[in-house]
Amino acid sequence: MSDGDDRDGNDRYRNGGGRSRNGNDRAGARSRTARWGLAGCTVAVAALLAGLPWVARGRLPDRLATHWSGGAAPDGSMPLWEASLLPAGLWLLVALALSVRRRRSWPAARPWRAIALAPAAAVLVGAQACVVRANLDRTDWHEARDPALGVVLPLALAAVAGVVAWRLTIRTTSTTPPAPTPALDLPAGERLVWFSRAANPWLQLVAALTGLIAVGALVTLVAGLADPAVLVPLCAVCAAVSLAGALSSSVQAKVSEAGLEVSFGPLGWPARRWSPTAIESARAEPRQPSQVGGWGYRLSGLGTTVMLRAGDCLVVRPRGRRTDFAVSVDDAERGAALLNALRRRA
Amino acid sequence: MLIRLDKTDTRPLHEQVAAAIRRAIAEGECRAGDRLPSARDLSTALDINVNTVLRGLRELRDEGLLEFRRGRGITVAEGAARRSGLEIRVRELVAEASRLGYSRTDLIEMIRGTTT
């Protein structure tokens, strides 16, 4: 007993030196487990979809009613084998399409994959269960009646599955230990402020072009030269895209004694503010648009990212939150350092 | 860009603002053509009245370090980095001369007398 304890202690002692390697091993093992878990779940759902009609085949007609167009009577049917294999095949296709790694730079474990797959599985399983339920103990598929909960049940299941997947994955991604936080020497009696900005000329161009189209459509509409049925949606969509583009095409970050302020667009509005005490930690981190799902104001597994260009991002963890807020601005390292220094002094 | 302001400094605030930005330009915090934060942003961040900030910025424009452009805001002028370094040294020289009892006229005479 004491021998075993001793060896255990020795191992722990020896591993103490290589903590980073150990951490990497653990992270690798975790991602491996996650990958196999996801594959196992995918196969289980496919088996459930295919097996459900087979289990009940003694009580089902030869052809199953599979489609209702609003009325109680069905208007589409499938043979038993097709009704069992089609949803399973569809499910496997969806799972495969979401599992392909299109870019090498993408991280292997992407939380949104589980968030997308869980509702899809819920919808398919719910629909399959409803189809089997509607056809149960019927002799002909024409007799099958629209299951009362045919639409509500799968959608409710999907919502629940999506929320559960989101809660679970966000929690696991946020447990990754944050990188070391830089700090700046803040001399007493000196006031330091840090300004930075970033702009994306392509988003500005898109905003300008869509703005022009919206104005042109509005003028044409007022002049009565074209059909309002086409122009009103065009004008509205272009105006919305232009506004969203203009607001997210440039960003200014400011760190002062009042904390961090991130303001969007040429007018500096809207803006988000955090006081130094409301921030748990700040750091600089290189991020790619492919990691966060594109350009602009992005919500992803990494938290919120204001992505205007690839590269340095100022990343802050607000106090009491489990996700980060990141903004792509130049010179983020010193901004983070100043913010940490202010936070420590506050 | 990082701007430093000494809270114990007793000089007028507009001079302090000008000195802080002059130093930022000399240290390469912002390069020629870069846009400066707006006077309103500087004023809230430094906790100094916006008119005082504007007075400091106008001093820098008169020195040729900044350019005020309608619609484009305030930008750092071409060659401002070298010039701001020189401006800082001139100020140090004037302060040192007055500490040693030389007037500005004496200093000008001395500069005029320098042949190299």
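## Confidence

Residues 1-23 of chain A have a pLDDT that stays under 50, and for this stretch the model has one contact beyond four places in sequence. Over residues 172-177 of chain A the pLDDT is also below 50, with four contacts in the model beyond near neighbours in sequence. The model is a predicted one, and these two stretches should be read with that in view.

For chain A the mean pLDDT is 79, with 82% of its residues at 70 or more. Chain B has an average pLDDT of 86, and 99% of the residues score at least 70. For the complex, the predictor gives an ipTM of 0.77 and a pTM of 0.58.

The table lists the elements at the two ends of the confidence range in each chain.

| Chain | Lowest mean pLDDT | Highest mean pLDDT |
|---|---|---|
| A | helix α1 (residues 2-17) of chain A, 43 | strand β11 (residues 325-327) of chain A, 92 |
| B | helix α4 (residues 80-99) of chain B, 84 | helix α3 (residues 50-62) of chain B, 92 |

## Chain A as a whole

Chain A contains nine helices and 11 strands. Of its 346 residues, 31% count as buried. When contacts in chain A between residues at least 6 apart in sequence are considered, 63% of them join residues at least 24 apart.

## A sheet across the two chains

Which strands make up the open sheet, and in what order? There are five, arranged β6(A)-β5(A)-β4(A)-β3(A)-β1(B), and the pairing is antiparallel. The edges are held by β6 (271-274) of chain A and β1 (2-6) of chain B; each has a single partner strand, so one side of each is left without a neighbour in the sheet. From one strand to the next, the twist averages 15 degrees.

The pairing between the chains is made by strand β3 (residues 190-199) of chain A and β1(B), which run antiparallel and are joined by five bridges. Within this pairing, A:L192 has B:R4 as its bridge partner in β1(B), and A:V193 stands opposite B:I3.

One of the pairs is A:S263 with A:A271, its bridge partner in β6(A). The two strands form a hairpin with six residues between them, and A:G265 in the turn has a positive phi of about 75 degrees.

A:P266 also lies in the loop between β5 (259-264) and β6 of chain A. Is A:P266 buried or exposed, or something in between? A:P266 has 13 C-beta neighbours inside 10 Å and therefore counts as partly exposed, since a residue is exposed at 12 or fewer and buried at 20 or more. The C-alpha atom of A:P266 is separated by 9.8 Å from that of A:A199, although the two residues are 67 apart along the chain.

## The contact between the chains

The contact takes 10 residues from chain A and 12 residues from chain B. On the side of chain B that touches chain A, β1 and α2 (39-46) of chain B each supply at least two residues. The largest share of that side, five residues, comes from β1(B), the strand that also pairs with β3 of chain A.

## Helix α7 of chain A

The helix α7(A) has 21 residues and reaches 30 Å from its first C-alpha to its last, close to the 30 Å expected at 1.5 Å a residue. Which residues of α7(A) are buried? They are A:C235, A:C238, A:S242, A:G245, A:A246 and A:S248. The cover over the buried residues of α7(A) includes α6 (201-223), β5 and β8 (296-300) of chain A; β5 is also a member of the five-stranded sheet.

A:A240 lies in helix α7 (residues 228-248) of chain A as well, but counts as exposed because it has 12 C-beta neighbours inside 10 Å. The C-alpha atoms of A:A240 and A:T210 are separated by 8.8 Å, with the two residues 30 apart along the chain.

Methods:
Residues numbered from 1 in each chain as written. Chains lettered and ligands numbered in written order. Predicted model: local features only at pLDDT ≥ 70, side-chain atom pairs only at ≥ 80, totals over all residues. Pairing = 2+ DSSP bridges. Helix = DSSP H or I, 4+ residues; strand = E, 2+ residues; numbered from the N terminus. Axes fitted to C-alpha atoms, helices over the stretch in contact; angles between N-to-C directions. Contact = placed C-beta atoms within 7 Å. Expected span 1.5 Å × (residues − 1). pLDDT = per-residue confidence, 0-100.
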